[in-house]
Amino acid sequence: MLNTLIDRIRAAHADGTPLIIQGGGSKTFYGNADEGEILGTRTLNGVVDYQPKELVLTAQSGTPLAEIEALLAEHKQMLAFEPPHFGGAATLGGSIAAGLSGPRRPYAGSARDFVLGVRMVDGTGQALRFGGQVIKNVAGYDVSRLMVGALGTLGLITEVSLKVLPCPGAESTLQFELDEAAAIVKMNTWAGQPLPLSATSWHAGLLTVRLSGARSAVRAAQAKLGGEVVNDAPAFWQRLRDQTTPFFDKRPSTFNQRLWRLAVKPTTPPLKLGDAQWIEWGGAVRWLVSDLRESTLREAALRCGGHATLFRGNAPVDGAFTPLAPALLTLHRNLKQRFDPKGIFNRDRLYPDF
Amino acid sequence: MSAVHSPAFLNALRSLLPPESLLTAPEDTRPFESDGLAAYRNTPDLVVLPDSEAQVAAILRLCHAHQVAVVTRGAGTGLAAGALPIDGAVLLVLARLNQIKNIDPLARTAVVQPGVRNLAISEAAAAYKLYYAPDPSSQIACSIGGNVAENSGGVHCLKYGLTVHNILKLRAWTIDGQLLEIGSDALDAPGYDLLALMTGSEGMLAVITEVTVKLLPRPERAQVVLAAFDDVAKAGAAVGNIIAAGVIPAGLEMMDRLAIQAAEDFVHAGYPLDCEAILLCEVDGVNEEVSDDIFTVRVVLAASGATEIRTADSEEQRLKFWAGRKAAFPAVGRLAPDYYCMDGTIPRAQLPHVLKRISEMSIEYGLAVANVFHAGDGNLHPLILFDANQPGELHQAETFGGKILELCVEVGGTITGEHGVGLEKINQMCAQFSTPELTRFHEVKAAFDPDGLLNPGKAVPELHRCAEWGAMHIQGGQLPHPELPRF
């Protein structure tokens, strides 16, 4: 299976054919529109090694996330970065290549934080292995984490080793009626205290907070924080993770309305960029459904120490990601050139001409 | 001959820096001849001690213009000769960039210069009940710039991660003097994850002048359990059993008989001496959670065959339990004139096998070994005892150490968990990586530093070196790196 893919990559390298790497196709909306032949990864299917006592799982990149999560759940373990499924077909490789994480991210870590190693094939068809299956490893540059969020532009990920964590013994979700400014302060204040926080969200005047940990710890934190207990909490967080709530899912009222993700310093006060907003990650992500100009949103995010991503549009997107400063752009181009000299992988998906 | 000695270069450097920031006399530069791995020494030609970011940028531009190599050094506590001076190069010491520029208690971040000591960050954050989590054992002295360069760990990595998990943003300068702002004040940044690439890059890619670190709330409570075992394998299995029970300890350390004995003789921590191994298991968090976890840990340890289990019931006792572990290196240092500390990581399940092989090799090489182990994350620190004044013993210790690292790779681990490759482990890189992988590493460096001026010759071996190394390491009839030309 792998050899078939390598042969196709070598052929594409030889004649400069662009390839679009695709797993489950659940995130085709993400990033800029790209063109090329589909290089499917679903034949790279299966868990290669899983040692619950080592807290390490290794799987081929085309393995469905749902399959991995089900296996982990049998051993009361989980992917702590809570990767989004976006419709259900998401694969491990796609999740790592996109580098997206779910509600637990600010408290447990991101997709890249849990990657221990990858096997990959670069743009010349060379199979490579970086990192490994151990938690501490500083031999060589951290190329495995460089692959996370690179949207496949540096190579085809064929296998991933991840650190996994035990599921918390108990979880409880609380809700508080609070205005936006007060909610942002609360999220940050609580994050600075020894509380078992595992997710935070604010939308339409409601702050929602998830606690995870030992039963006793969750109970004590609940008593300390107060608020209303949310009953169908797992469904609430899953809908937020997969963006299936009406806020994310509904057809925008005008063609120009698009879903923007503003990543900002978490303490950033209300952005005042319209009411259609959902705050996540302790204040560090502000989702906006907006028809404001790209430059307005990009400048707003930059002023707040971060960056803006055009996450979903009504048509194929170009310029999804914040342009890089010249010195960084040069480095990106140099790296792309070394890993994929003919530029065959996911052309334009991350930045134009990549 | 390097331009480092040319009058044009020296005069230009003098115009950039006050006289006290430029050391050229051997008696002034000799203190910088080695980092924490004193077996490797080389008196630097020239030492510069800038005290501002602007000076760093100007020095780099000048070195680039004159094609002079630069070795960056922080506090000099590294254990892999990563900051070993190179002939004809400038030693760029960042110790005077030592200001904590800002602490933001609400956002839980600190902005610090690279020469700030690791522990100083936690001390400054203590007023807000916050701290910086990675705690390498050199944390009193080591600086945050060096921590980023090495991706330093410590005893709390399993739960709180390494340096790479605890930083948000860097200001760094390329060799041609361009500023790179990597990362952001948010939790991610657009484009490739250069923050991960820079972390652990051993001064090979760019020079860091500012680091934004994450701060965490101080845990409400921390408590430690000490367990003794009559068999190292049982202690190793107990580690996996604790994790399988759903507990992620804040620290989980193992010491073998020789290390226990040495630590006990040195600091009188009250360790049991009639055992083959001890485990120290610390749990932290919310008060109630710690109580539950301590109960679980004790049950698991008993079921795993511990011969004795003690729980520290006061902060004083907790610190005493840790004192022995924290003093383990100097304690072992009293057993012999010199010791050589290794840093391999292995999948934990391989621990009994690896320890057995190490004790066999110990007999073979005629050198004693004490084992100190970050058991939770599989990071092994065998301490090889030797006497450098005995002809050939240093070489023998290095060969033995190299064999241990190759064994780590053989069982699916790595040659360095947290100390870095530097110059020390450069040959073992040939055991861990294939020629195309090493080529990619060289290309990553070239993407940042096309002229190869930053810390040349460290961290990633030249391919001819692997060919020479491979010629001496034929395993199972297979020559490593067979595709490389040999001469």
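This is a predicted model: local features need pLDDT of at least 70, side-chain atom pairs count only at pLDDT 80 or more; totals for chains, interfaces and linings use all residues.

User: Let's start with a single residue. Why is A:G46 called exposed?

Analyst: A:G46 has 11 other C-beta atoms within 10 Å, and a residue counts as exposed at 12 or fewer, so A:G46 is exposed. You'll find A:G46 in the loop between β2 (37-40) and β3 of chain A.

User: What makes a residue a contact of A:G46, and which ones are there, leaving aside its neighbours within four places in sequence?

Analyst: The C-beta atoms have to lie within 7 Å. A:G46 is in contact with A:A59, A:Q60 and A:T63, once neighbours within four places in sequence are left aside. For a sense of distance, A:A276 is 230 residues away from A:G46 in sequence and 41 Å away in space, C-alpha to C-alpha.

User: How do you know that β3(A) and β4 of chain A are paired?

Analyst: Pairing needs at least two bridges. β3(A) and β4(A) (residues 56-60) have four bridges, in the antiparallel sense, so they count as a pair. One example is A:D49, whose bridge partner in β4(A) is A:T58.

User: What is the strand order in the open sheet of five strands in chain A, and why are β3 and β7 of chain A said to stand at the edges?

Analyst: The order is β3-β4-β8-β6-β7, with antiparallel pairing. β3 (47-51) and β7 (127-131) of chain A each have a single partner strand, so one side of each is left without a neighbour in the sheet. From one strand to the next, the twist averages 10°.

User: What makes β11 of chain A mostly covered?

Analyst: Six of the seven residues of β11(A) (197-203) are buried, and being buried takes 20 or more other C-beta atoms within 10 Å.

User: Which strands pair with β11(A), and how do you know?

Analyst: β12 of chain A (206-213) is joined to β11(A) by six bridges, and β15 of chain A (277-280) pairs with β11(A) over two bridges. The cut-off is at least two, so both pairs qualify. Both pairings are antiparallel. A:W202 stands opposite A:L207 in β12(A) and opposite A:I279 in β15(A). The hairpin of β11(A) and β12(A) has two residues between the strands, and A:A204 takes a positive phi near 50° there.

User: What makes a group of residues a nonpolar core, and how many residues does the largest one have?

Analyst: The members are buried nonpolar residues joined through C-beta atoms within 7 Å. The largest core has 238 residues, and those with the most contacts inside it are A:M147, B:I278, B:L279 and B:I384. Apart from it lies another core, of 18 residues, with A:L195, A:W202, A:A214 and A:I279 among them. As for B:I278, its contacts beyond four places in sequence include B:L226, B:M255 and B:Y271.

User: On to chain B. Why are β15 and β16 of chain B said to stand at the edges of their sheet?

Analyst: That open sheet has seven strands in the order β15-β12-β14-β13-β17-β18-β16 of chain B, paired antiparallel. β15 (308-311) and β16 (338-341) of chain B each have a single partner strand, so one side of each lacks a neighbour in the sheet.

User: How do you know that β13 and β17 of chain B pair?

Analyst: Two bridges join β13(B) (251-256) to β17(B) (369-374), and at least two are needed, so they pair. B:M254 has B:F373 as its bridge partner in β17(B).

User: Last one: how many residues of each chain take part in the contact between the chains, and what kinds does chain A bring?

Analyst: Chain A gives 70 residues and chain B gives 78. The largest share of chain A's side, seven residues, comes from α12(A). That side divides into 35 nonpolar, 23 polar and 12 charged residues.

Technical notes
Residues are numbered from 1 along each chain as its sequence is written. Chains are lettered from A and ligands numbered from 1 in the order in which they are written. Axes are lines fitted to C-alpha atoms, for helices over the stretch in contact, and angles run from 0 to 180 degrees between N-to-C directions. Two residues are in contact if their C-beta atoms, placed from the backbone, lie within 7 Å. Ala, Val, Leu, Ile, Met, Phe, Trp, Tyr, Cys and Pro count as nonpolar, Asp, Glu, Lys and Arg as charged, and the others, Gly among them, as polar.
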